[in-house]
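Please read the report below alongside the sequence and the coordinates.

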Amino acid sequence: MLEYLWRAAWCLHDTGVASAEAWVARHARTLLAGGVQQTAAALKAAARAARLRGTKRKGIDDAVNYLTSKAEHLRYDTALGRS
């Protein structure tokens, strides 16, 4: 899951920029709290806001597709006893 978030981050941030790490951490916390759909929606919104198209948003599209197709298996909140 983190690999997908990092690929999405590089669509929005330059390599080596500290803000990318904070961005990934924020979305990872949301996922761990059970916010799979919320994270997918936030990634889509970020791509729209940045006006990314085609290959420039591939990392985001891949992450959204992964999150939405695997949502039932990404219940970290349940696995961690938080729901």
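The sections that follow describe a predicted model.

## Overall architecture

The protein contains five helices and zero strands, and read along the sequence its pattern is α-α-α-α-α. For 83 residues, a compact globule would have a radius of gyration near 12 Å, and the protein agrees with this because its own value is 12 Å. Along the principal axes, the C-alpha trace spans about 35 × 25 × 20 Å.

In soluble globular proteins, nonpolar side chains tend to be buried together. Here the largest nonpolar core has 20 residues, and the members that touch the most other members are Leu-5, Trp-23, Val-36, Leu-43, Ile-60 and Leu-67. Helix 1, helix 2, helix 3 and helix 4 each supply at least two residues of this core, and helix 2 gives the most, with five residues.

Leu-43 illustrates how these members meet: leaving aside neighbours within four places in sequence, Leu-43 is in contact with Leu-5, Trp-23, His-27, Ile-60, Ala-63, Val-64 and Leu-67.

The buried residues of helix 3 are Val-36, Thr-39, Ala-40, Leu-43, Ala-46 and Ala-47. Viewed down the axis of helix 3, these buried residues fall within an arc of 125 degrees, so they line one face of the helix. An α-helix has 3.6 residues a turn, so residues three or four places apart point the same way.

The cover over the buried residues of helix 3 includes helix 1, helix 2 and helix 4. On the face turned away from the buried side, helix 3 carries the exposed residues Gln-37, Gln-38, Arg-48 and Ala-49.

## Helix 4

Helix 4, formed by residues 58-69, has twelve residues and reaches 16 Å from its first C-alpha to its last, close to the 16 Å expected at 1.5 Å a residue. Within helix 4, Gly-59, Ile-60, Ala-63, Val-64 and Leu-67 are buried. Seen down the axis of helix 4, the buried residues fall within an arc of 130 degrees, so they line one face of the helix. These buried residues pack against helix 1 (2-12), helix 2 (18-32) and helix 3 (36-49).

His-27 is found in helix 2 and is buried, with a relative accessible area of 8%. Leaving aside neighbours within four places in sequence, His-27 is in contact with Leu-5, Thr-39, Ala-42 and Leu-43.

His-13 is found in the loop between helix 1 and helix 2. This residue counts as buried because its relative accessible area is 18%, and the limit for that class is under 20%. Once neighbours within four places in sequence are set aside, His-13 is in contact with Ser-19, Ala-20 and Trp-23. His-13 and Trp-23 are ten residues apart in sequence, and their C-alpha atoms are 9.2 Å apart in space.

## Exposed loop residues

Arg-51 is found in the loop between helix 3 and helix 4, and it is exposed, with a relative accessible area of 71%. Most residues other than glycine have a negative phi, and most peptide bonds are trans. Arg-51, by contrast, has a positive phi of about 55 degrees although it is not a glycine.

Ala-33 lies in the loop between helix 2 and helix 3, and at 54% relative accessibility it counts as exposed, the cut-off for that class being over 50%. Ala-33 and Asp-77 are 44 residues apart in sequence, and their C-alpha atoms are 5.0 Å apart in space.

How values were computed:
Residues numbered from 1 in each chain as written. Predicted model: local features only at pLDDT ≥ 70, side-chain atom pairs only at ≥ 80, totals over all residues. Heavy atoms only, no water. Helix = DSSP H or I, 4+ residues; strand = E, 2+ residues; numbered from the N terminus. Expected span 1.5 Å × (residues − 1). Buried < 20%, exposed > 50% of the residue type's maximum accessible area, 1.4 Å probe, protein only. Arc of directions from axis to C-beta. Contact = heavy atoms within 4.5 Å. Core = buried A, V, L, I, M, F, W, Y, C linked by side-chain atoms within 4.5 Å. Rg over C-alpha atoms; globule rule 2.2 N^0.38 Å.
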